Amino acid sequence: MEKRVFFRNWWLPYALVAPQIIVTLVFFIWPAYQALEMSFFIEDAFGFSRNFVGFENFIRLFSDPGYLRSFWTTLVFGLAVTFLSMSMALALAVAANRVVRSATTYRTFLIWPYAVAPALAGVLWFFMMNPSLGIVAYMLESIWGYDWNHYINGNQALMMVIIAAAWKQISYNFLFFLAGLQSVPKSMIEAAAIDGASPTRRFWTIVFPLLSPTTFFLLVVNLVYAFFDTFAIIHATTSGGPADATSILVYRVYSTGFVGQDYGSSAAQSVVLMALVIGLTFVQFRYIERRVQY
Amino acid sequence: MVENRPWLGVVTHATLILGVAFLCFPVWMALVASTHPGEALSRSPIPLWFGDQGWENYAQLLTEGSPAVGGVALSTMLWNSFIMAIGITVGKIAISLISAYAIVYFRFPFRMLFFWLIFITLMLPVEVRILPTYDVVASLGMLNSYSGLIIPLIASATATFLFRQFFLTIPDELVEAARIDRAGPIRFFWDILLPLSKTNIAALFIILFIYGWNQYLWPFLITTDQDLYTIVMGIQRMVNVGEGLPIWHLTMGTAILAMVPPVIVVLAMQRLFVKGLVESEK
């Protein structure tokens with residue numbers, strides 16, 4: 001869509017876009033280009049010289065079992081966070097859409113965690129699950145005799161960051177599901193009810209299919225969130241450990257570059273991640289063009 | 001409600017109450033922990049009800065800070081967070097407004113190129129270009145400064161698109177009328193476009209303020225000077241204390257202080273917040 005009427009001025013539009021374009025070029029495009037370039041070089045430890053090595057950084061990366069494991073960890077983490085937070089949010093949205101009394105109160109109590117920083121969500125659950133005094137660890141121990149120690153057990157550490165990441169994202173999904181549910185035509189539901197369809201059946205055959213655009217949109221957004229925005233959760237709590245069990249890809253880029261000082265490998269990892277974001281963004285925009293419909 | 005099924009009502013309320021409990025419980029625990037003296041939190045089970053040290057703990061945090069972060073008062077960190085959040089928010093809104101204005105209301109060479117350049121930023125979150133961005137900021141001498149905390153984050157494709165969408169819905173007649181009255185482009189922007197955009201700006205302000213306040217990786221990378229720590233990033237120093245144990249009552253107090261400002265913004269401006277969230281993602 002374009003405007004039919006516009007202003008004429010040979011310098012003003014450039015002055016107006018200049019701040020945004022300068023920031024974009026200096027802090028986005030140039031560093032991204034640098035990462036791309038660096039991924040084809042190996043630098044010596046002191047940064048005095050560097051050699052062009054072609055795809056060697058990438059080959060090294062994909063033959064590194066640690067990196068491949070990070071891929072798996074990221075996948076498990078991303079899918080678990082997305083599934084957990086979306087299913088809980090959907091259940092809550094369906095419930096909130098039904099209640100008449102105190103609907104606003106419920107909504108208020110359900111949306112505030114959106115404002116909590118991922119890092120803080122991580123810290124809160126880190127405290128709750130602390131093996132020696134966390135309340136969750138205590139209850140697991142005293143009720144089921146289950147020994148919780150995420151400092152030692154990698155799976156438990158992964159579970160902890162999954163719960164923290166999902167917890168923080170529920171509000172967001174809830175709001176979008178609620179908006180989606182409110183746009184489902186009441187007449188359809190009523191017609192189905194007159195035909196004798198039970199509430200469960202109405203949900204799965206009418207409401208859920210009509211929600212598919214929202215669900216698909218949230219699926220992509222949640223995956224992007226889990227893959228990229230959860231760096232803070234990992235960094236503030238487990239630091240990727242124990243033994244790399246929670247080292248998701250974004251955390252690894254950081255630890256390889258800043259802690260391990262392996263710039264070539266870190267750059268190659270950046271390039272892999274960029275490809276991932278570009279892919280996800282592409283999927284998201286394709287979908288906006290042609291919504292998923294039944 | 002299509003039909004009357006009492007048990008369904010019970011299930012509905014039970015689901016909601018469980019959900020609220022799940023979301024609120026961690027914060028409850030943090031709030032309770034922050035009102036106890038340190039010794040109360042040294043063994044399990046920890047107290048589930050408030051202690052009497054609340055004022056002392058918060059007063060200590062705000063004036064002296066936690067010993068884990070060498071005596072930086074939390075009031076300093078809160079102030080830094082505030083400056084960063086406001087800077088990012090105002091910066092993003094300002095440069096997005098004017099660039100969207102240029103792209104919608106002018107025809108000029110390279111217009112679409114600029115549009116795509118802005119679009120690309122969506123695909124390059126800080127997390128994927130950490131090292132080279134750090135190098136750029138370091139070589140510009142912006143480490144350990146407010147400008148380093150703010151400026152690299154103020155490009156915004158989302159805000160630009162939102163304003164572009166909104167400008168496109170404004171009737172062309174307004175421009176024509178302004179032109180007949182001999183108002184130039186700058187006058188039109190100030191006197192007509194800006195007042196019309198007020199609600200959109202306010203809604204976006206909330207979303208961006210939360211975004212800015214909750215930044216973690218960026219302040220962590222570029223501030224080594226403790227006096228520039230933001231609170232969301234500073235808490236990490238209290239949690240990762242190496243071999244020792246975190247000072248839990250102070251750490252949880254910090255977590256509460258760090259989440260209060262953005263949560264208040266969301267709760268106080270719920271309607272605008274929902275509008276901003278839903279629209280900026282379209």
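Q: What share of the contacts in chain B with a separation of 6 or more comes from residues 24 or more positions apart?
A: In this predicted model, chain B is built from 14 helices and 0 strands. Among its contacts with a separation of 6 or more, the share that joins residues 24 or more positions apart is 71%.

Q: Is chain B more spread out or less spread out than a compact globule, and what is its radius of gyration?
A: From the N terminus on, the elements of chain B run α-α-α-α-α-α-α-α-α-α-α-α-α-α. For 282 residues the globule rule gives 19 Å, and the value for chain B is well over this, so the chain is more spread out than a compact globule, with a radius of gyration of 24 Å.

Q: Which helix of chain B gives the most residues to the side that touches chain A?
A: The contact between the chains involves 81 residues of chain B and 83 residues of chain A. On the side of chain B that touches chain A, the greatest contribution is 13 residues, and these come from helix 1 (residues 6-33) of chain B.

Q: How many residues on the side of chain B that touches chain A are nonpolar?
A: This side of chain B also holds 14 polar and 7 charged residues. The remaining group, the nonpolar residues, numbers 60.

Q: What distance does helix 10 of chain B reach from its first C-alpha to its last?
A: Helix 10 (residues 198-213) of chain B has 16 residues, and at 1.5 Å a residue a span of 22 Å is expected. Its buried residues include B:Phe205, B:Phe209 and B:Trp213, and what covers the buried residues includes helix 3 (74-105) and helix 13 (248-268) of chain B.

Q: How many of the residues of helix 5 of chain A are buried?
A: Chain A has 13 helices and 2 strands, and 43% of its 294 residues count as buried. Helix 5 (residues 118-128) is mostly covered, with A:Trp125, A:Phe126 and A:Phe127 among its buried residues. The number of buried residues in this helix is 11 of 11.

Q: Which element of chain B has the lowest mean pLDDT?
A: The mean pLDDT of chain B is 86, and 97% of its residues reach 70 or more, while the model as a whole scores ipTM 0.89 and pTM 0.89. Among the elements of chain B, helix 3 has the highest mean, 92, and the lowest, 80, belongs to helix 14.

Note on methods: Residues numbered from 1 in each chain as written. Chains lettered and ligands numbered in written order. Predicted model: local features only at pLDDT ≥ 70, side-chain atom pairs only at ≥ 80, totals over all residues. Helix = DSSP H or I, 4+ residues; strand = E, 2+ residues; numbered from the N terminus. Buried ≥ 20, exposed ≤ 12 C-beta atoms within 10 Å, placed from the backbone. Contact = placed C-beta atoms within 7 Å. Nonpolar A, V, L, I, M, F, W, Y, C, P; charged D, E, K, R; others polar. Expected span 1.5 Å × (residues − 1). pLDDT = per-residue confidence, 0-100. Rg over C-alpha atoms; globule rule 2.2 N^0.38 Å.
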